[in-house]
2 protein chains.
Amino acid sequence: MIPSAQERTDPGFTTAEHTAMTAALDAAARGVRGANPVVGAALLHQDGRILHTGHHSGAGTLHAEADALRKAKDAGTDLADVTMVITLEPCNHTGRTGPCTGAILDAGIDSVIFAVHDGTEAASGGGAFLADHGVSMRHGLLAEQAADLNDRWFTAQSQNRPFVTLKIAQSLDGRVAAPDGTSQWITGPSAREAGHEIRARVDAILVGGGTARVDNPTLTARDAQGNPRDHQPLRAVMSRTPVAHDARVRRGVVASAHNGEIDGRFVWLNTHDPAQALARLAALGVTHVLVEGGPTVSAAFLAANLVDELWLYQAPMILGDGKAALAPLPTQTLADAARWRSDPVAGPSVRTLGNDVAWHLRPAAVSVSK
Amino acid sequence: MIPSAQERTDPGFTTAEHTAMTAALDAAARGVRGANPVVGAALLHQDGRILHTGHHSGAGTLHAEADALRKAKDAGTDLADVTMVITLEPCNHTGRTGPCTGAILDAGIDSVIFAVHDGTEAASGGGAFLADHGVSMRHGLLAEQAADLNDRWFTAQSQNRPFVTLKIAQSLDGRVAAPDGTSQWITGPSAREAGHEIRARVDAILVGGGTARVDNPTLTARDAQGNPRDHQPLRAVMSRTPVAHDARVRRGVVASAHNGEIDGRFVWLNTHDPAQALARLAALGVTHVLVEGGPTVSAAFLAANLVDELWLYQAPMILGDGKAALAPLPTQTLADAARWRSDPVAGPSVRTLGNDVAWHLRPAAVSVSK
């Protein structure tokens with residue numbers, strides 16, 4: 001399939017290929033943020049039809065390429081004269097789901113377009129591998145949009161650290177507890193359940209020593225009925241003082257008729273430095289960590305520019321006094337303020353959850369390693 | 001028109017009348033909060049059709065009844081066998097737009113249903129007046145919903161004080177300025193323009209002495225191009241110390257090729273007590289005041305439960321330090337926290353304005369004087 005010059009939208013690509021990559025980007029945005037990049041794929045027929053799209057729904061699920069190929073198989077779609085259009089270079093390693101390069105070859109796809117290279121050590125080289133096996137490989141179509149979609153993920157990868165999600169649930173005036181310490185509940189059930197959904201898809205939850213001591217949380221991921229979910233993250237406490245032996249966070253053993261006993265493990269991170277905490281977690285195999293406060297820890301991660309994704313839940317309540325969600329940051333003037341932008345993944349940047357509002361944001365400062 | 005027992009939804013009212021009142025309530029919610037209550041009206045034909053609805057769009061515009069009747073006139077609608085269904089007792093006084101009772105009689109309407117009485121001195125007695133003139137009067141249909149729509153407006157009326165709108169434009173962490181005092185701009189152009197639209201429909205804007213001194217604002221209502229709007233509110237500064245003679249807020253004279261010179265007047269309120277400030281404004285004929293801070297004044301109005309409506313604009317920015325939107329309130333425990341609920345008027349309680357979010361709320365504690 002040789003595009004005519006008139007059809008080109010990006011140099012070297014046809015309008016149909018451009019449309020297919022846009023569809024793949026839209027599919028990618030249906031994914032969720034986390035330990036893996038969000039990726040979308042589209043199967044484009046030579047006649048211009050987009051036959052199927054696929055996306056990656058999070059760690060442990062099918063990669064975008066495999067998702068699209070599964071749909072094609074389910075529908076009995078003939079894959080002759082089909083180009084696979086992908087937002088990220090197909091992976092070449094066997095993780096939880098097998099390499100995408102193999103799946104592409106097995107499906108008989110002989111033409112692939114991807115937007116940006118996967119620079120990670122484990123996954124890179126997929127493009128070269130496929131080219132060596134006779135697949136026509138092109139890349140660079142809508143590369144800027146594709147890179148933007150995973151800008152912070154690429155950053156985390158390049159820094160060999162876990163992807164960091166910060167969750168805050170606060171009042172309109174940015175507080176997380178009343179002066180007497182009461183804090184249950186500021187946000188409503190829907191926002192709290194959304195928080196547990198995040199817990200269930202991360203490798204680790206991290207809190208500060210103060211939160212562990214004062215709130216004495218279990219840090220387990222539970223469903224709407226309060227039962228533990230199947231996946232329980234590692235529980236991490238970041239503190240220069242040891243965590244009490246009877247702290248709930250140490251136990252992490254949840255008896256449940258439904259799930260039996262679950263232990264997501266516990267680790268004490270003897271540091272005040274977020275970068276050190278992340279290095280320790282990375283060594284434990286953590287690729288996605290959820291920071292849940294308190295104010296000192298949240299502010300430390302923000303000040304170090306180590307927050308990749310922010311979920312801010314806000315209740316229509318004015319506390320007027322009590323604990324702020326964030327300890328003071330070293331801002332001097334308005335131009336220093338950390339600006340955030342919409343995270344296009346999994347819906348709009350702002351949505352209502354019952355009476356509450358959920359913001360889904362990422363840092364506005366782009367630091368992309370393409 | 002005598003309803004059959006089977007048709008009744010509220011005692012004494014037919015399903016059609018119930019539907020018409022619901023339509024009137026929906027119409028009322030298209031109004032704007034302010035010096036007048038939000039009111040809706042529907043013209044219901046005996047055959048069950050709702051011929052027209054009307055609503056009040058704010059001070060100086062047609063009342064809901066007149067709005068519905070104007071639509072009927074414009075459409076050449078025959079008003080025989082028509083019941084006027086209104087969310088509030090029709091007014092009986094000549095304000096800026098003439099009494100609705102007269103308009104109803106002039107239109108030949110001989111049957112009226114309203115939801116709740118208008119207890120205000122100036123407007124009450126409309127129902128009795130119409131009954132005296134031979135109109136069939138009934139009331140009480142969906143009274144709870146209708147009262148709820150204007151709960152805080154009724155409260156303000158019963159306290160003989162202006163209706164109070166509080167506007168806050170803050171960062172995600174509830175701050176309105178950086179440590180060095182820079183504050184322009186936290187929210188974006190759309191949110192700022194929305195703020196000026198509120199200014200243009202109030203009788204007065206009130207700020208504290210600190211804001212007048214530090215920010216030195218003009219407190220004029222301007223359009224998106226920065227030109228003064230036709231209506232300029234009274235500018236009020238609440239402070240125990242006199243306002244500087246060269247303060248911009250005193251001048252309030254805005255030269256403009258478009259509007260010539262505008263002066264919305266200035267008043268210094270020598271008090272720290274919000275109730276006293278409101279009493280003084282009421283004496284000056286103010287029926288709707290917009291409180292724009294600073295933190296001490298905003299907190300004082302909140303602490304005194306003298307905020308009827310809250311517009312909270314939030315930008316996706318974390319300042320991390322600097323001036324909080326609110327000075328501390330006397331909250332001790334979570335149960336003390338002021339909870340807010342959706343204000344159903346003029347759209348959803350939360351909407352996006354560019355990158356920002358606008359919350360439109362009213363106090364959740366209902367104090368209705370029916």
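**Notebook: how chain A meets chain B**

I began with polar contacts and counted 19 residue pairs between chain A and chain B, both residues of each pair at pLDDT 80 or more. I note here that the model is predicted.

Next I looked up which elements of chain A touch chain B. Those giving two or more residues to that side are β14 (309-315), β15 (317-318), β17 (338-342), β18 (350-353) and β19 (356-363) of chain A. I sorted the residues on that side by class and got 25 nonpolar, 11 polar and five charged.

I then looked for salt bridges between chain A and chain B and found zero.

I took the extent of the interface after that. I have 41 residues of chain A in contact with 41 residues of chain B. The area buried between the two chains is about 3200 Å², and carbon and sulfur atoms give 65% of this area.

I followed one strand across the boundary. Two bridges join β15(A) to strand β17 (residues 338-342) of chain B, and these strands run antiparallel. For A:M317, I found the bridge partner in β17(B) to be B:R339.

Last, I asked what rotation superposes chain A on chain B. I got 180°, with 0.1 Å of shift along the axis and an RMSD of 0.1 Å. I wrote this down as the relation of a two-fold axis. In chain A, the C-alpha nearest the axis belongs to A:G174, at 2.7 Å from it. I also checked the contact residues of chain A: 100% of them recur in chain B, so the same surface serves both copies.

Terms used
Residues numbered from 1 in each chain as written. Chains lettered and ligands numbered in written order. Predicted model: local features only at pLDDT ≥ 70, side-chain atom pairs only at ≥ 80, totals over all residues. Heavy atoms only, no water. Least-squares fit on C-alpha atoms with pLDDT ≥ 70 in both. Contact = heavy atoms within 4.5 Å. Buried area = accessible area lost by both parts, 1.4 Å probe. Salt bridge = Lys/Arg side-chain N within 4 Å of Asp/Glu carboxyl O. Polar contact = N/O pair within 3.5 Å; in protein donor to acceptor, adjacent residues only side chain to side chain. Helix = DSSP H or I, 4+ residues; strand = E, 2+ residues; numbered from the N terminus. Nonpolar A, V, L, I, M, F, W, Y, C, P; charged D, E, K, R; others polar. Pairing = 2+ DSSP bridges.
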